[in-house]
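Here is my note on the model you asked me to look over.

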Amino acid sequence: MKTIQTLAPAVGYRRVGATGVSAAFGTFGELLQGVLPEEDGDFLVTLPVARWAMARFELDPHSDTVEVWPAHKKKARRLVHMIMADAARPAGGVLRIDSMLPEGKGLASSSADLVATARAVGNALAEPMPPRRIESYLARIEPTDGVLYPSVVAFHHRSVRLRARLGSLPSMAVVSIDEGGAVDTVDFNSIPKPFTAGDKRAYARLLDRVTGAVARRDLAEVGAVATESARMNQVLRHKRSLDPMIRICREVGGLGVVVGHSGTTLGVLLDTAAPDCPHQLAAAAQACQELAGNVTVYRTLSFH
């Protein structure tokens with residue numbers, strides 16, 4: 001009679017083709033972005049939306065090559081190599097990213113790609129990937145949005161660290177336009193910011209206002225802060241459509257105007273729970289189409 005011996009897998013053994021899948025949401029620009037009167041004062045406040053980047057990583061222990069699709073996602077490839085080196089597991093694999101977020105528009109597409117990639121690789125390696133660990137990687141790659149957290153957050157994007165979780169907001173619609181072109185996040189964040197000491201104090205007051213507004217779920221105040229932040233950002237990245245969008249918002253009874261501070265998008269915020277929201281949305285979409293020749297509607301995310 002033949003005896004069959006079962007061997008325990010060696011430490012560190014991983015089956016060929018171990019796969020990790022994950023996702024990260026994007027944002028519609030920022031509710032607020034500026035500089036506070038403190039060291040490392042660059043910050044933003046996120047506006048999460050229901051658009052995602054999805055990443056799938058298939059581990060290949062017999063290779064040291066990382067293939068990435070689409071091929072131009074070079075930052076994601078760099079991130080995979082960093083995680084592999086940190087985990088002391090020389091291996092390769094194939095990373096596929098499928099994103100609903102257009103690039104260079106101020107919608108956190110690059111941040112979402114990288115956060116989804118880190119989580120997918122962590123899943124394939126059975127490595128924990130908490131937000132602080134992901135932040136430590138991304139800080140070595142580029143300024144990053146706060147899409148690691150299921151919340152509206154205040155985030156120091158240049159140093160890649162959380163400032164505060166502000167909470168969740170009721171769902172809003174964002175009726176948006178795109179002024180065209182694309183903005184490189186790294187290049188944008190290398191531009192000196194011409195904000196005065198008075199501007200920085202104003203940003204601190206706006207942060208206090210939006211913090212209280214999120215806590216109260218006060219959408220009108222959230223919209224007012226977003227509009228003021230958009231106006232203050234004009235000295236840094238001018239948007240020719242800002243004043244017309246503010247007029248459209250006023251005419252349809254919207255909450256305010258939100259922009260991609262480092263991008264090309266602007267949007268009118270609407271309260272989806274308002275009884276006349278369908279009429280407001282239709283009117284805003286028509287006006288945005290006439291203004292820019294394009295219109296996209298986003299929905300913001302609420303968290304429990």
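Is Arg 132 buried or exposed? Arg 132 is exposed, at a relative accessible area of 51%; the cut-offs are under 20% for buried and over 50% for exposed, with partly exposed in between (1.4 Å probe, protein chains only).

1. A word on the basis. This is a predicted model, in which local features need pLDDT of at least 70 and side-chain atom pairs count only at pLDDT 80 or more, while totals for chains, interfaces and linings use all residues. Residues are numbered from 1 along each chain as its sequence is written, and side-chain values use heavy atoms, leaving out hydrogens and water.

2. Back to Arg 132: its side chain meets that of Glu 135 in a salt bridge (2.7 Å, N to O). For a salt bridge, a side-chain nitrogen of Lys or Arg must be within 4 Å of a carboxyl oxygen of Asp or Glu. Both residues sit in helix 3 (residues 131–138), 3 residues apart, or about one turn of the helix. Glu 135 has 1% relative accessibility, so it counts as buried. Helices (H or I, at least four residues) and strands (E, at least two) are DSSP runs, numbered from the N terminus.

3. The structure holds 15 salt bridges. One of them joins Arg 163 to Glu 38, with the closest N and O atoms 2.7 Å apart. This pair links distant parts of the chain, 125 residues apart: Arg 163 is in strand 6 (residues 161–167) and Glu 38 in the loop between strand 1 and strand 2. Arg 163 is partly exposed at 36% relative accessibility, and Glu 38 is partly exposed with a relative accessible area of 36%.

4. Lys 105 and Asp 178 also form a salt bridge (2.9 Å, N to O). Lys 105 lies in the loop between strand 4 (92–99) and helix 2, and Asp 178 in strand 7 (residues 172–178), so the pair ties together parts 73 residues apart in sequence. Lys 105 is buried at 13%, whereas Asp 178 is partly exposed at 22%. Elsewhere, salt bridges link Asp 42, Arg 158 and Lys 193 in a network.

5. Now the aromatic rings. Rings of Phe, Tyr and Trp (its six-membered ring) pair if their centres lie within 6.5 Å; planes under 30 degrees apart are stacked, over 60 edge-to-face, and the rest tilted. The count by this rule is 5 aromatic pairs. Phe 25 and Phe 303 make a tilted pair, 5.6 Å centre to centre with 45° between the planes. Phe 25 is in strand 1 (residues 19–35) and Phe 303 in the segment after strand 10 (296–299), 278 residues apart. Phe 25 is buried, at 9%. Ring pairs also link Phe 43, Phe 195 and Tyr 203 into a cluster.

6. Finally, the largest pocket. On a 1 Å grid over the protein atoms alone, a pocket is an open set of points with protein on both sides within 12 Å along at least five of seven lines, and lining residues have an atom within 4 Å of a point. The lining has 30 residues, of which Lys 75, Ser 109, Ser 110, Glu 142 and Thr 185 lie nearest the centre of the pocket. Which helix gives the largest share of the lining? Helix 2 does, with 5 residues.

Technical notes. 1 Å grid on protein atoms, 1.4 Å probe; cavity = no way out; pocket = protein on both sides within 12 Å on 5 of 7 lines; lining within 4 Å.
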